[in-house]
Amino acid sequence: MFNTLRRDIRAVFERDPAARSLAEVLFCYPGLHAVWIHRLAHACWQHHLKFIGRFLSHLNRFLTGIEIHPGARLGPGLFIDHGMGVVIGETTEVGENVTIYQGVTLGGTSLEKVKRHPTIGDNVVIGSGAKVLGPFTVGENSRIGSGSVVVKAVPPNSVVVGIPGRITHRDGKRVEHGVDLNMTDLPDPVAKALQFLTHRLAELERAIEELKRSRPSAPHAQAGAPDDAARAPDDAPGKHAPGEVRGAVQQGPQE
């Protein structure tokens with residue numbers, strides 16, 4: 001138990017450069033407070049003290065702004081940075097050395113009393129505002145981009161970005177072991193697709209221009225021929241001079 005608490009404290013120093021002293025970490029980090037209160041609530045939950053566990057969870061939410069169901073299983077070394085608005089559901093399982101930023105939801109997608117929340121592997125980083133919804137596994141050493149919505153399983157050493165979350169790999173290489181907090185170089189598959197379409201459109205435009213230049217120009221028509229063909233003879237049936245028409249209109253019908 002004490003080893004787990006020490007790992008929780010060490011995780012703050014390892015992943016938050018703003019942490020300067022042990023006293024500051026112990027008294028001024030709501031994410032650490034939330035994890036420790038949850039560990040107590042989870043112990044009550046496992047010993048069939050359901051109401052006490054739920055009450056501690058409710059108190060935890062009031063004090064820290066972080067809602068963790070007492071039935072959730074949290075591994076050692078979990079660091080919840082800032083933490084406001086974080087929600088962790090009942091059947092969630094979180095591995096070791098996981099980092100969660102503010103506004104994250106580890107939610108369920110079923111109304112039945114079954115496994116309905118995600119399982120988070122070791123060394124996973126979940127960016128602020130991300131939503132991981134459903135009873136699937138997020139593989140170890142993966143990163144979930146800020147604001148992403150993940151609704152299907154994520155293989156290990158992957159990066160997920162977008163809505164819905166799209167699984168990518170950084171340059172096709174395996175993600176290095178350990179915790180990677182860099183959230184600024186995430187690939188953008190939508191931007192890549194738009195760049196491909198733009199490049200393809202430019203190629204098509206160049207091909208059209210080449211076809212226009214290679215096509216022989218049509219010979220010019222003989223001077224006056226189209227006009228003579230298009231001009232109707234003055235004595236054609238139904239053809240009246242403008243003066244005759246105006247005179248007929250002015251005279252009106254004769255009795």
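Reader: What volume does the largest pocket have?
Author: About 210 Å³ for the largest pocket. Bear in mind that this is a predicted model.

Reader: Which residues line the largest pocket?
Author: The lining consists of Arg-54, Ser-57, His-58, Arg-61, Glu-67, His-69, Val-87, Ile-88, Gly-89, Glu-90 and His-117.

Reader: How does that lining split by class?
Author: Five of the lining residues are polar, four are charged and two are nonpolar.

Reader: And which elements each supply at least two residues of the lining?
Author: Helix α4, residues 50-64, and strand β4, residues 87-88. The largest share comes from α4, with four residues.

Reader: Changing topic. How many aromatic pairs are there?
Author: The count comes to one aromatic pair. The partners are Phe-51 and Phe-55, with ring centres 6.4 Å apart and planes at 25 degrees.

Reader: Why is the pair stacked?
Author: Because the planes of Phe-51 and Phe-55 stand at 25 degrees, and planes under 30 degrees apart count as stacked.

Reader: Where do Phe-51 and Phe-55 lie?
Author: Both are in helix α4, four residues apart, which is about one turn of the helix. That helix also gives four residues to the lining of the largest pocket.

Reader: Is Phe-51 buried or exposed?
Author: Phe-51 counts as exposed, because its relative accessibility is 68% and the cut-off for exposed is over 50%.

Reader: What about Phe-55, what does that one count as?
Author: Phe-55 is at 47% relative accessibility, so it counts as partly exposed.

Notes:
Residues are numbered from 1 along each chain as its sequence is written. This is a predicted model: local features need pLDDT of at least 70, side-chain atom pairs count only at pLDDT 80 or more; totals for chains, interfaces and linings use all residues. Side-chain values use heavy atoms; hydrogens and water are left out. On a 1 Å grid over the protein atoms alone, a cavity is a set of points where a 1.4 Å probe fits but cannot get out, and a pocket is an open set with protein on both sides within 12 Å along at least five of seven lines; lining residues have an atom within 4 Å of a point. Grid points are joined across faces, edges and corners, and a volume is the space filled by probe spheres set on the points. Ala, Val, Leu, Ile, Met, Phe, Trp, Tyr, Cys and Pro count as nonpolar, Asp, Glu, Lys and Arg as charged, and the others, Gly among them, as polar. Rings of Phe, Tyr and Trp (its six-membered ring) pair if their centres lie within 6.5 Å; planes under 30 degrees apart count as stacked, over 60 as edge-to-face and the rest as tilted. Buried means under 20% relative accessible area, exposed over 50%, partly exposed in between (1.4 Å probe, protein chains only).
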